[in-house]
Amino acid sequence: SIRHRVFVDEQKVPFARDWDEYDDRATHFIVTLSGEAIACARLKDDGQVGRMAVLKEYRNHGIGQELLRFVIRTAAEKNIDDVYLHAQVSAIPFYEKHGFTAEGEA
């Protein structure tokens, strides 16, 4: 429901683009607060972090940072050496703060 609210409802990403064949095989992460799911991410077996989303009312409180750190630690525990992602241009500064480097065209 987090992905739907953030990507489909808020960002107008077509529903069919949000869900893919990797969802069944990826490791999924959910952040809860007082029993409510407020953030999510997934980690594919090849090291790609994706589908990271924080509900609008919980952004800018460090939740995304802690979630990303946890995903990266989990990748290390799974012996995944190369962690990478595809980010929206607006999110590049967030990921750069965590050691990622932008490559390719924006």
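Reply: Start with the naming: helices (H or I, at least four residues) and strands (E, at least two) are DSSP runs, numbered from the N terminus. This is a predicted model, where local features need pLDDT of at least 70 and side-chain atom pairs count only at pLDDT 80 or more, while totals for chains, interfaces and linings use all residues. Residues are numbered from 1 along each chain as its sequence is written, and side-chain values use heavy atoms, with hydrogens and water left out.

Me: Okay. What order do the strands of the sheet come in?

Reply: The order is β1-β2-β3-β4, in an open sheet with mixed pairing. Two strands pair if DSSP finds at least two bridges between them. β1 and β4 (84-85) sit at the edges, each pairing on one side only.

Me: How many bridges hold β1 and β2 together?

Reply: Seven bridges, and the pairing is antiparallel, with β1 covering residues 27-33. Going across to β2, F29 has A41 as its bridge partner, and T27 has L43. The β1 and β2 hairpin has two residues between the strands, and S34 takes a positive phi near 50° there.

Me: And which strands does α1 lie across?

Reply: α1 lies across β1, β2 and β3, at about 85° to β3. For angles like that, axes are lines fitted to C-alpha atoms (for helices over the stretch in contact), and the angles run from 0 to 180 degrees between N-to-C directions. α3 packs on the sheet too, touching β1, β2 and β3, and its direction makes about 40° with that of β2. Touching, or contact, means heavy atoms within 4.5 Å.

Me: Next topic, the core. How many residues are in the largest nonpolar one?

Reply: It has 25 residues, and L43, L67 and V71 have the most contacts inside it. A nonpolar core is a set of buried Ala, Val, Leu, Ile, Met, Phe, Trp, Tyr and Cys residues joined through side-chain atoms within 4.5 Å. Buried means under 20% relative accessible area, exposed means over 50%, and partly exposed is in between (1.4 Å probe, protein chains only). The elements giving two or more residues to this core are α1 (2-10), β2 (36-43), β3 (48-54) and α3 (63-77).

Me: What does L43 touch?

Reply: Not counting residues up to four places away in sequence, L43 touches a list that includes A26, F29, Q48, V71 and I80.

Me: Q48 is on that list. Is Q48 buried or exposed?

Reply: Buried, because its relative accessibility is 13%. Q48 is in strand β3. The Q48 side chain also makes a polar contact of 2.7 Å with the side chain of K44. A polar contact is a pair of N or O atoms within 3.5 Å; within protein, one must be able to donate a hydrogen and the other to accept it, and residues adjacent in sequence count only if both atoms are side-chain atoms.

Me: Now charges. How many salt bridges does the structure hold?

Reply: Seven. A salt bridge is a side-chain nitrogen of Lys or Arg within 4 Å of a carboxyl oxygen of Asp or Glu. One of them joins the side chains of R51 and D20, at 2.9 Å from N to O. R51 lies in strand β3 and D20 in the loop between α2 (15-18) and β1, so this pair ties together parts that are 31 residues apart in sequence.

Me: Why would side chains like that pair up at all?

Reply: Side chains of opposite charge can pair when their charged atoms come close.

Me: What does R42 form a salt bridge with?

Reply: With D23, and the closest N and O atoms are 2.9 Å apart. That pair links distant parts of the chain, with R42 in strand β2 and D23 in the loop between α2 and β1, 19 residues apart. R42 is buried at 3% relative accessible area, and D23 counts as buried at 10%.

Me: Where do E66 and R69 lie?

Reply: Both are in helix α3, three residues apart, which is about one turn of the helix. E66 is partly exposed at 45%, and R69 is partly exposed at 36%. Elsewhere, salt bridges that share partners join R3, D20, D23, R42 and R51 into one network.

Me: Last one: where does D82 lie?

Reply: In the loop between α3 and β4. D82 is exposed, with a relative accessible area of 59%. Leaving aside neighbours within four places in sequence, D82 is in contact with D46 and G47.
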